[in-house]
Amino acid sequence: MDWIKGIQRAIDYTETHMTEEIDYDAVAKEAYSSSFHFQRVFSIMCGFTLGDYIRMRRLSLAVNDLRNSNERIIDIALRYGYETPESFSRAFSRFHGITPTEARNGGTVKSFSKLSVKLILTGGTEMDYRIEKPGAIKVICRRQTVHKPETGAGTSDITSFWAKCGQDGTIQEIISYIPDIPKLAGLLGICFSLETDGAVFPYGIGAEYNGGPVEEGLEVIELPEYTYAVFPFKGKMPETFIETYRKIVSEFFPSSDRYEYAGGVEMEVYPSDKTDDPNYYGEIWIAVNEK
């Protein structure tokens, strides 16, 4: 119930500040969450990003101002975060299909209503997980700044990053560092969520580090001693990964009376590169705290 109330509080906060510059960190705090996790959960649950929600609500509210006042279009544009009438008109036309002037004169427009969180029965399905406490872990990886996910668990930035590392030999180099008896058996996709800022975050492709000499372009990072909730996934990729992640954020954490996000790292563990296998197996490791 706390998560449900928190989501509604975050939406209410956003609506109250719709004509101001909205601080995403402040929105997330209303939901008792980090900005990274709130935006990720919001996009997966709603099907659009928090930024898209704000944009569509502003353009919907702008119609009322156009029709119920004699204000200049530039003043309405500035109120909803657009610096020029031209940028406002472009965004307005893309959303409504007509110009602000045509809307003022009675043209047909779209309405995008405020979100309202309702408690409904969901779940009722089994979900396997285990708790791991591996201690501090040293990983070797190559990092790149990528955009935060929009409506799924990954981004085109991440997909292209994996492709690039596969083509230039980085992945094969990283594999050579995996210890004989690793705590994390496979290649890792690492979301360094503690370091997020704005619309991007650092994502690493790596493996557990065996202590050998570090090649140029790679870096060794020690992950603190976290407790992890580990969720296995099995099936066709990437659908099985996305569906498992959706259940984690929309069913497991909202209903868990014991565990919550720690605000630390998240790791995807890929034991094999045979992602075309219809029964592909992997794991999602998420740092958690006990409530």
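Rings of Phe, Tyr and Trp (its six-membered ring) are taken to pair if their centres lie within 6.5 Å, with planes under 30 degrees apart counted as stacked, over 60 as edge-to-face and the rest as tilted. The model is predicted, and local features therefore need pLDDT of at least 70, side-chain atom pairs count only at pLDDT 80 or more, and totals for chains, interfaces and linings use all residues. Residues are numbered from 1 along each chain as its sequence is written, and side-chain values use heavy atoms, with hydrogens and water left out.

By the ring criterion, the structure holds 20 aromatic pairs. In one of them, the ring centres of Phe42 and Tyr53 are 6.1 Å apart and the planes stand at 65 degrees, so the pair is edge-to-face. Phe42 belongs to helix 3 and Tyr53 to helix 4 (residues 50-68), so this pair ties together parts that are 11 residues apart in sequence. Helices (H or I, at least four residues) and strands (E, at least two) are DSSP runs, numbered from the N terminus. Phe42 counts as buried at 3% relative accessibility, and Tyr53 is buried with a relative accessible area of 0%. Here buried means under 20% relative accessible area, exposed over 50%, and partly exposed in between (1.4 Å probe, protein chains only). Tyr53 also forms a stacked pair with Phe48, at 6.3 Å centre to centre and 5 degrees between the planes. Both of these residues, Phe48 and Tyr53, are buried. Ring pairs link Phe38, Phe42, Phe48, Tyr53 and Phe112 into a cluster.

The strands form an open sheet of 8 members in the order 1-6-8-7-3-4-2-5, with antiparallel pairing; two strands pair if DSSP finds at least two bridges between them. Strand 1 (130-132) and strand 5 (219-223) stand at the edges with a single partner strand each, so one side of each is left without a neighbour in the sheet. From one strand to the next, the twist averages 35 degrees. Strand 6 (residues 227-235) is in turn joined to strand 8 (residues 280-290) by 9 bridges, the two running antiparallel. Within strand 8, Tyr281 is the bridge partner of Lys234, while Val288 is the residue opposite Thr227.

Two helices pack on the sheet. Helix 3 (residues 35-46) touches strand 3 (187-191), strand 4 (200-208) and strand 7 (259-270), and its direction makes about 70 degrees with that of strand 7. Helix 8 (residues 156-167) touches strand 2 (137-147), strand 3, strand 4 and strand 7, its direction making about 125 degrees with that of strand 2. Contact means heavy atoms within 4.5 Å; axes are lines fitted to C-alpha atoms, for helices over the stretch in contact, and angles run from 0 to 180 degrees between N-to-C directions.

Strand 3 is largely enclosed by the rest of the structure, because 5 of its 5 residues are buried. In a regular strand the side chains alternate between the two faces of the sheet. Leu187, Gly189 and Cys191 lie on one side of strand 3 and Leu188 and Ile190 on the other, and all are buried, so that both faces are covered. Strand 3 is joined to strand 7 by 5 antiparallel bridges, with Met267 of strand 7 as the bridge partner of Ile190. Over 4 bridges, strand 3 also pairs with strand 4 in the antiparallel sense, and Gly206 of strand 4 is the bridge partner of Leu188.

The largest nonpolar core has 37 residues, and those with the most contacts inside it are Trp162, Tyr203, Ile205, Tyr261 and Ile286. A core of this kind is a set of buried Ala, Val, Leu, Ile, Met, Phe, Trp, Tyr and Cys residues joined through side-chain atoms within 4.5 Å. Helix 10 (residues 239-255) supplies the largest share of this core, 6 residues. Apart from this core lies another, of 30 residues, which includes Phe38, Tyr53, Ile54 and Ala91.

A search of the whole structure finds 0 disulfides, a disulfide being a pair of cysteine sulfur atoms within 2.5 Å. Cys191 is buried, with a relative accessible area of 2%, and its sulfur is 12 Å from the closest cysteine sulfur, in Cys141, too far for a bond.
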